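Please look over the sequence and the model first.

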Amino acid sequence: MKVAAMEGNWQTDTGVPLLLFAIPDQAAQTNHFAIGIPNMASFILTHDWQGEVPGLNEVAPEMQPPVFLVFWSFRIMVAMGLLMVFFGLAGWVLRYRQRYHQSRWFLQSLRWMSLTPFIAVLAGWVVTEAGRAPWLIYEQMTHAEGLTPSLTGGMALFTLIGYVVVYSLVFSAGVYYLLKVFRGGLEKANQPHEQDEVERAKRPFSAAHASLEGEN
Ligand code: HEM
């Protein structure tokens, strides 16, 4: 059912298209504004242009995953992957033409591309976890059955706040150091420190410290 949700495929059918865009409507058990490549989903999933692909109608609506969420998380992940491929190839071409370091659009876009792995990993995680709903263990235990009976809302909230606080601290420290490394710039970070050449491998943030020292 996960794949059916990723593909937005409501009915078991043959010659199923690969949907590029659609607005899945779970209540109506259908898609709106669907645009797809004819027969492509059948081909990818069964290696046969007319292959039969199971649809979400194989199970009762309450046993289906949240289709809109899975469908769009999957497309976001794949879009990030395609962007990575595009920039990888573009980088090759620019390098071949010796324009890699001069191409402003490319270098500026790479700054934004640094976000894409995070977005793709989060979207992929949503696909995996939401896509298996309502099952915690397939056909054995649902999410609802997996709830710890003695766990109160207050306890869950307390743990969540704990996670948010600890992660915020760790994450801001990481970002702070990364920005320091970035500000140091490539050349500065690569400058050999003759006296601590051997130590460097053990000190990944040495570039950040070097740039801090430079400021003071
Ligand atoms: C480019 C095309 C891509 C395709 C066709 C694709 C396909 C998939 C599929 C089918 C799943 C669900 C697996 C399952 O639940 O059984 C998945 C999960 C996932 N994907 Fe992608 N993916 C793509 C790109 C990416 C990229 C670029 C990243 C990260 C940089 C990524 C990260 C993940 C992660 C973290 C999961 C969750 C894995 C787990 O929790 O088990 N994916 N992907």
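## Basis

The model is predicted: local features need pLDDT of at least 70 and side-chain atom pairs count only at pLDDT 80 or more, while totals for chains, interfaces and linings use all residues. Residues are numbered from 1 along each chain as its sequence is written, and side-chain values use heavy atoms, with hydrogens and water left out.

Helices (H or I, at least four residues) and strands (E, at least two) are DSSP runs, numbered from the N terminus.

## Helix H5

Helix H5 covers residues 116-131, which is 16 residues. From first C-alpha to last it reaches 21 Å, close to the expected 22 Å; the expected span is 1.5 Å times one less than the number of residues.

Buried means under 20% relative accessible area, exposed over 50%, and partly exposed in between (1.4 Å probe, protein chains only). The buried residues of H5 are Thr-116, Ala-120, Ala-123, Gly-124, Val-127, Ala-130 and Gly-131. Seen down the axis of H5, they fall within an arc of 150 degrees, so they line one face of the helix; the arc is that of the directions from the helix axis to the C-beta atoms. These buried residues pack against helices H1 (2-7), H3 (67-96) and H4 (104-113), with contact meaning heavy atoms within 4.5 Å. Phe-118, Val-121, Leu-122 and Trp-125, on the other side of H5, are exposed.

## Loop residues

Gly-8 sits in the loop between H1 and strand S1 (13-14) and counts as buried because its relative accessibility is 4%. Beyond its neighbours within four places in sequence, Gly-8 is in contact with Leu-19, Asn-31 and Phe-71.

Gln-29, in the loop between strands S2 (18-25) and S3 (30-37), has a positive phi of about 55 degrees although it is not a glycine. Gln-98, in the loop between H3 and H4, has a positive phi near 60 degrees. The peptide bond from Ala-133 to Pro-134 is cis, with omega near 5 degrees.
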